Amino acid sequence: MKNINRKVIVYGTPKSKERPRLGRGGRVFTPSTTLKEEERIYREWVRQDGEPAEEEDAIMIELYAYFKKPKKSKFKNGIFPIHLKDIDNILKLLLDALQG
């Protein structure tokens, strides 16, 4: 087992992992937008790092997600309200993408 300590930057708007959908005949599937985003993150990992992590490798994840300020928002009580996507679903998308 090796510890992986590398920095990988994935540019673009942070996306959340979408819920599985129920298709025809009761078939459950992952939405194509989620699959495409997972593939994009995985490709960036391999492109910048050179190799994907092995299953037994220890990986520490630090996630920084940056969002643009909404055009129509007002300060309320000195706090800028931002409606963010669920951070757990953003992280879930990242972790699923790194599994390959």
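Reader: Where is Arg19?

Author: Arg19 sits in the loop between β1 and β2. Keep in mind that this is a predicted model.

Reader: Is Arg19 buried or exposed?

Author: Arg19 has a relative accessibility of 66%. The cut-off for exposed is over 50%, so Arg19 counts as exposed.

Reader: Which loop holds Lys17?

Author: Lys17 is in the loop between β1 (3–4) and β2 (21–22). Arg19 is placed in the loop between β1 and β2 as well.

Reader: What does Lys17 contact, leaving aside neighbours within four places in sequence?

Author: With those neighbours left out, Lys17 is in contact with Thr34, Glu38, Asn89, Lys92, Leu93 and Asp96.

Reader: Which side chains have a polar contact with the side chain of Lys17?

Author: Glu38 is one of them, and its polar contact with Lys17 is 2.6 Å. Asp96 is another, where the polar contact with the Lys17 side chain is 2.8 Å.

Reader: Asn89 was in your list for Lys17. Where does Asn89 sit?

Author: Asn89 is in helix α2. Leaving aside neighbours within four places in sequence, Asn89 touches Ser16 and Lys17.

Reader: Buried or exposed, that Asn89?

Author: Asn89 has a relative accessible area of 16%. Buried means under 20%, so Asn89 is buried. The side chain of Asn89 also has a polar contact of 3.4 Å with the side chain of Lys92.

Reader: Different topic. How many helices and strands are there in the protein chain?

Author: The protein chain has 2 helices and 4 strands. Along the sequence they come in the pattern β-β-β-α-β-α.

Reader: At what angle do α1 and α2 pack?

Author: Helix α1 (residues 32–49) and helix α2 (residues 87–98) pack at about 60°, and their axes are 8 Å apart. That angle is why α1 and α2 count as oblique to each other.

Reader: Is the crossing of α1 and α2 right-handed or left-handed?

Author: The crossing of α1 and α2 is right-handed.

Reader: Which residues make the contact?

Author: From α1 there are Thr34, Glu37, Glu38, Ile41, Tyr42 and Trp45, and from α2 there are Leu93, Leu94, Asp96, Ala97 and Leu98. They divide into 7 nonpolar, 1 polar and 3 charged.

Reader: What about Leu98, buried or exposed?

Author: Leu98 lies in helix α2. Its relative accessibility is 15%, so Leu98 counts as buried.

Reader: What does Leu98 contact, once neighbours within four places in sequence are left aside?

Author: Tyr42, Trp45 and Ile61. As for Ile41, its C-alpha atom is separated from that of Leu98 by 7.5 Å, and the two residues are 57 apart along the chain.

Reader: Back to the protein chain. What share of residues counts as buried?

Author: Of its 100 residues, 18% count as buried. Asn89 is one of the buried residues, and Leu98 is another.

Reader: And what share of contacts between residues at least 6 apart in sequence joins residues at least 24 apart?

Author: For the protein chain that share is 65%.

How values were computed
Residues are numbered from 1 along each chain as its sequence is written. This is a predicted model: local features need pLDDT of at least 70, side-chain atom pairs count only at pLDDT 80 or more; totals for chains, interfaces and linings use all residues. Side-chain values use heavy atoms; hydrogens and water are left out. Axes are lines fitted to C-alpha atoms, for helices over the stretch in contact, and angles run from 0 to 180 degrees between N-to-C directions. Angles under 35 degrees count as roughly parallel, over 145 as roughly antiparallel, 65 to 115 as roughly perpendicular and the rest as oblique. A crossing is left-handed if the near helix is turned anticlockwise from the far one by less than a right angle, and right-handed if clockwise. Contact means heavy atoms within 4.5 Å. Ala, Val, Leu, Ile, Met, Phe, Trp, Tyr, Cys and Pro count as nonpolar, Asp, Glu, Lys and Arg as charged, and the others, Gly among them, as polar. A polar contact is a pair of N or O atoms within 3.5 Å; within protein, one must be able to donate a hydrogen and the other to accept it, and residues adjacent in sequence count only if both atoms are side-chain atoms. Buried means under 20% relative accessible area, exposed over 50%, partly exposed in between (1.4 Å probe, protein chains only).
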